[in-house]
Amino acid sequence: MSSHETDTAAGACGCDETGARGLLPVEEARRRILEAVTPVEGREAVPLAAACGRVLAVDVAAPFDVPPHDNSAMDGYALRAADVPGEGEARLRVVASAYAGHPFTGEVGPGEAVRIMTGAVLPAGADAVVMQEHVRLEGETVVVPGPVRAGTNVRRAGEDLRAGAPVLAAGTRLGPAQIGLLAAVGVAEAPVARRPRVAFFSTGDELRPPGETLRPGEIHDSNRHVIRALLQALGVETLDLGLVPDRPEAVAAALRRGGEEADALLTSGGVSVGEADYVTDALRQLGEVGFWRVAIKPGKPLAFGRIGRAHFFGLPGNPVSVMVTFLQLVQPALRRLAGERRVEPMTVRARTRVPLRKRPGRADFQRGILSRAPDGTLEVAATGPQGSHVLSSMARADCLIVLPRDWGDVPEGTWVEVQPFHGLIPGCGA
Ligand code: AMP
Ligand code: MG
């Protein structure tokens, strides 16, 4: 951050749009939250069939070489390279066949070859494999054009993993490749961390569940469904405490239950300035909760602390604020809680295809759509109205555009950081 302050739109300003100071930078809020969270205790062994999305609890080392033996990378003929040293053709006698899972147990002698399939053990004596497309068969004789170098088309034992080598580190989230690797080293049940249990509820007298008819002044409760889906995508255990009316006893009871039964507790609504005081009161009575104003847009009000045995996150009420604060501040904490080592969001750089409106004061997380520019570089556009209640523009987005706190309006063509929603391999969910 710049050390001087200016009054220009893009200047370094430690204030929000009303000029108020004292907002907590997003990175600082994330740092403080992560500092307060340690991985859950307890682990279990789960069959590989149920391991996708789980977090490995221990370091795993290879108990043997992978692959366990030298083997052929091609369908062809295993031979001694010394038999085919020069440019000319060599004529070798085919003495046996070796298939994957059915090794040839004899030895390949001088002037001999063994028909071999991909993955079959390289027979003793042989040190190279020639592709079948490169040879000619004349009865029992294979005619091989030279020269052939030793090691050609041979996969060496231990080429993937040496016996004793680290395979996967504790804290790795298991996806298809990691699960395959565990299988390759003979692990049938993955030692994984216990899944954290995360409770959540919505507050607000104006809220009604989808499926019920809205009365005047009411809206449907979106947040609980947003939060549940976010938690399911993370693979944590969920505990839905429902829709809680704006009544002190009801809120206190739900908070108490979450604090008893969960490792983390998330609420939406009721933490903004001007909210009925009972939420704040209940939080103060039941646990140690701080009320933060984070330099994040959408978002800003956030309650964080502990209730009972649960880490508590009081998120704002607007659905887009819920998603953004969850992704920036809660998800890293839940990933750490789940035992994961890498918890920070991934970012890529893209050029804005359109000018972006922004006021200095808070880091802005705008909803964006990524595309490819004609020169091959990534570009991004905003999805339209960016109000924190406009969930439709979030639903159209495939990324968040991260605009630093001090920036003002962003001209078209500016390079910006972007957090894509999806990678190549989707998560496993719950
Ligand atoms: P609050 O922080 O409780 O004042 O809520 C801020 C805004 O978010 C208000 O417009 C609420 O109606 C809205 N809101 C709160 N909770 C939800 C919810 N669960 N689903 C959709 N909108 C909500
Ligand atoms: Mg409310």
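1. First thing I'd flag: the protein has a radius of gyration of 30 Å, whereas a compact globule of 430 residues would come out near 22 Å. Keep in mind that this is a predicted model. The C-alpha trace spans about 90 × 50 × 45 Å along its principal axes.

2. On the domains: the assignment gives four pieces, namely domain 1 (8-41 + 194-337), domain 2 (43-61 + 170-193), domain 3 (71-155) and domain 4 (348-424). Between the centres of domain 2 and domain 4, taken over C-alpha atoms, there are 36 Å.

3. Secondary structure amounts to seven helices and 26 strands. Of the contacts with a separation of 6 or more, 71% join residues 24 or more positions apart.

4. Now the largest nonpolar core. There are 39 residues in this core, and Leu231, Leu266, Phe326 and Leu334 touch the most other members. Helix 6 (residues 319-337) supplies the largest share, eleven residues. Domain 1 (8-41 + 194-337) and domain 4 (348-424) both contribute residues, so the core lies between them.

5. Phe326 deserves a look of its own. Leaving out residues up to four places away in sequence, Phe326 touches Leu230, Leu231, Leu234, Leu266, Ser321, Gln331, Pro332 and Leu334. Apart from the core between domains 1 and 4 lies another one of 21 residues, including Val244, Ala250, Ala252 and Ala254.

6. Last, burial and surface. Buried residues make up 46% of the 430 in the protein. The accessible surface comes to about 20500 Å², with 53% of it belonging to carbon and sulfur atoms.

Terms used:
Residues are numbered from 1 along each chain as its sequence is written. Chains are lettered from A and ligands numbered from 1 in the order in which they are written. This is a predicted model: local features need pLDDT of at least 70, side-chain atom pairs count only at pLDDT 80 or more; totals for chains, interfaces and linings use all residues. Side-chain values use heavy atoms; hydrogens and water are left out. A nonpolar core is a set of buried Ala, Val, Leu, Ile, Met, Phe, Trp, Tyr and Cys residues joined through side-chain atoms within 4.5 Å. Buried means under 20% relative accessible area, exposed over 50%, partly exposed in between (1.4 Å probe, protein chains only). Helices (H or I, at least four residues) and strands (E, at least two) are DSSP runs, numbered from the N terminus. Domain bounds come from an automatic or database domain assignment. Contact means heavy atoms within 4.5 Å. The radius of gyration is taken over C-alpha atoms; the globule rule is 2.2 Å times the number of residues to the power 0.38. Accessible areas come from the Shrake-Rupley method with a 1.4 Å probe; for residues, only the protein chains shown count as cover.
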